[in-house]
Amino acid sequence: MTKPSLSELLHAAVTAVGGTERPGQVSMAETVAEVIDDGSHLLVQAGTGTGKSLGYLVPALAHGERVVVATATLALQRQLAERDLPRTVDALHPLLRRRPQFAMLKGRSNYLCLHRLHEGVPQEEEEGLFDQFEAAAPTSKLGQDLLRMRDWADETETGDRDDLTPGVSDRAWSQVSVSSRECLGASKCAYGAECFAEAARERAKLAEVVVTNHALLAIDAIEGAPVLPQHEVLIVDEAHELVSRVTGVATGELTPGQVTRAVRRAAKLVNEKAADQLQTASEGFERLMELALPGRLEEIPEDLGYALMALRDAARTVITALGSTRDKSVQDEDAVRKQALASVESIHDVAERITNGSEYDVVWYERHERFGASLRVAPMSVSGLLREKLFADRSVILTSATLKLGGDFNGVGASLGLAPEGTASEDAPVWKGLDVGSPFDYGKQGILYVAKHLARPGREGTRSDMLDELAELIEAAGGRTLGLFSSMRAAQSAAEELRGRLDTPILLQGEETLGELIKSFAADPRTCLFGTLSLWQGVDVPGASCQLVIMDKIPFPRPDDPLMSARQKAVDEAGGNGFMAVAATHAALLMAQGAGRLVRASGDRGVVAVLDPRLATARYGSYLRASLPEFWYTTDRNQVRRSLAAIDAVAKAAEAGDQTKAADETKAGDETKAGEES
C-alpha cells in the first residue's frame, strides 16, 4: 500500500473534526513536515481560526517518531489530549495503518498521592503525622472536599486533579499531593506500585505523542534530571508564553515564613546543635526582612550577605544531620524526613545562589500587603539556557498567534536564544519563520482606533479625559465591551467611576472567578468586563457580546519592575536598544494578544480602542501597530462612534430576530403539544 500523502491525512483529520481546510493550515502542515524531516527549527505564526493544532499534529503523527507537545496551560493541555488528539488519531488510523498512542504528563503535584491520602500529612508543630480527615471538621468545606477525594481515589484511573469535578481548593489539594522533592520515590513508598504520577510517566514512555506544559518542559531542561521521555520532535504551542514560564521555573524565593516552616519541620529530626543553628539563622534573616524595602539589589548589602551565609551554612548542617539522627517517636519517619529535607534544601539552594552572586542573576526585594517581604532571584535572561537545552538533538516547532512583532520574528527569536533569521554560525541553531496569516479579513471585520486627542498617561493620578472617552465608547457600543487595563488599580477605578455613570452592568476581575465572569459576560451583550493581565490572553468570546476591546494604555512593564529594568539596562550596556528589546517587545506581545480578543469568528465585527495617544504619536508607535492584526486604522473619534453605533444596531436587530424566532418556535411547539393532548 502506498504511503498516504500529507494532504490526504490533513483532509481526513479536518473532516473528522467538522472543520474546513484553510490555506494557512495547509501551508503550516507542509512546512512543519519539512522542518521535522530536515531536523531544523520553525517559528510559525498562525492566527486565530487557522486550526493550528491540526497544522502541527497531522505532520507530527505522520512522521512516526516520538513527539512532545508543550502548551502554556493545563487547560490547553487538556483540550489537546481530550479533544484534538483522539479525533485526529481516529481519523488517521485507516490511512496510517497504525493507531498512535498519546499520553498526558504533568508535574507530580498535579496527581493524587496515595501515601499522603492514607498515611496523613507530616505535622509541623509536633512530631509525627496527623490525619487530615480527623483534623478537618466533616461539616467544613475542607472536610467535605477531603472525604470526596478519598472516595474519588477509589474510582479514578488517573489521579489527575483536573479529572476531579467539581474541583477543590489549593488548600484541600495540598493535603493529598506532594512536590517532586517531597516524594519518597516509588521504590521506597508503600504505595509505589499504585502511584498515579508514576503510572503517568510509564504511559508517557510508551506513547508516540506526549502532551505536557511549559513548566514541566522548563523543569526538564533546567534541572538536568529528565522528566520527559526521549523525543525527536518538540512542538511548543502558545510559544509567546515560553520565556516567562521558563523564567518562573528558574526563579528562587526566600521568605521568613518559608524559613520558619523549615525550622519546625527539621527540629525533631536533627540534633539540638544543628536545630539551634538553623533557628538562630532564621531569626537573623527574619529581622532583616522586616526592614526590607522593595527594589533591586545591584549589590548584596553586607548584613544580608552575612544572614544568607548563616542560613546556607545552617541548612547544610541540618541536611547532613538529617541523614543520621533518628527520633523514635516520629511516625512514618521517611515521609516526615523527606518533607523536612525538601524545605531545608530549597532554602540552602536559594541562599547559596544569591551568596555566590552570579552576574547573570537579578536579586530583589518584594513586599506583599498580605504575605510581607520576600527575597527573589531570577536569571537576567533565559535565552542562553533555551538555546543550549531546547534546540539540541531534536527538531523544535514553536507556534502561536503572536510571534511576529514589529513585522518580523527576530524579537521573539532573540528571547529564545536564536540569532536573526538567515544568520549562519556554528553555535546558532538553523531556523526559519513562517506567518500563515488568518482566515479572518481583519481590514473589514475590525477597526483599530487610537484616541490621539487624549493627554499622555502619567504614572499616577486619575485620567478623567480617558474615563470620559471610555464612557462614550461604551455607550456607543451598547455595552459589549472588554476593558483591558494595565493595572488592577486602573481597572477598579474605571469600574467604580462608570458604574455610577452608565446604565450598563460592569463586571470586574476579582469579584468572581474568571470562568464565571467570562460566562456572565458572554451571556448578556449589554455587559462590560474589566480586568487586567489574565484577560489580555484568556478570553474567547465570539459574537455580539464582545464588539469593543479597550486598552487603557500601552502595557509597558512598570519602571520599577526589577527584572525587566535589569534586562533593559543589560541590553543598553551591550550597545543595543534596551527599551525596544525589552519594554517595547513586552508591550507588543501583550497588545497583540489583547487585540486578538476582538475577532474570534468569521462573523465578528468590532473596534479595538487604545486610549493612549503614544500609539499614534511616539516613534515606537509604528512598531507596536505593526505587531497588531491589520485592522482598518483611524484616529477619528466621531467616525469610530458612528461605526460602533452601526455595529450595535445590527447586533440588536439580530438579537430581536432571534427572540422573535424563539417565540414563534415556542408558540408552534405549544400548539403542537395542545393538538396532541386534545
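The model is predicted: local features need pLDDT of at least 70, side-chain atom pairs count only at pLDDT 80 or more, and totals for chains, interfaces and linings use all residues. Residues are numbered from 1 along each chain as its sequence is written, and side-chain values use heavy atoms, with hydrogens and water left out.

Helices (H or I, at least four residues) and strands (E, at least two) are DSSP runs, numbered from the N terminus. Select residues 6-16, which form H1; Leu 9, Leu 10, Ala 12, Ala 13 and Val 14 are its buried residues. Buried means under 20% relative accessible area, exposed over 50%, and partly exposed in between (1.4 Å probe, protein chains only).

Most residues other than glycine have a negative phi, and most peptide bonds are trans. The remaining stops may be viewed with this in mind.

Move to Arg 97, in the loop between H4 and strand S3 (102-104). Its phi is positive, near 65°, and Arg 97 is exposed, with a relative accessible area of 61%.

Continue to the loop between helix H7 (141-155) and helix H8 (170-174), which holds Pro 166. The peptide bond from Thr 165 to Pro 166 is cis, with omega near -10°.

Finally, select Glu 238, in the loop between strand S7 (233-236) and helix H11 (242-249). Phi of Glu 238 is positive, near 50°, and Glu 238 counts as buried at 19% relative accessibility.
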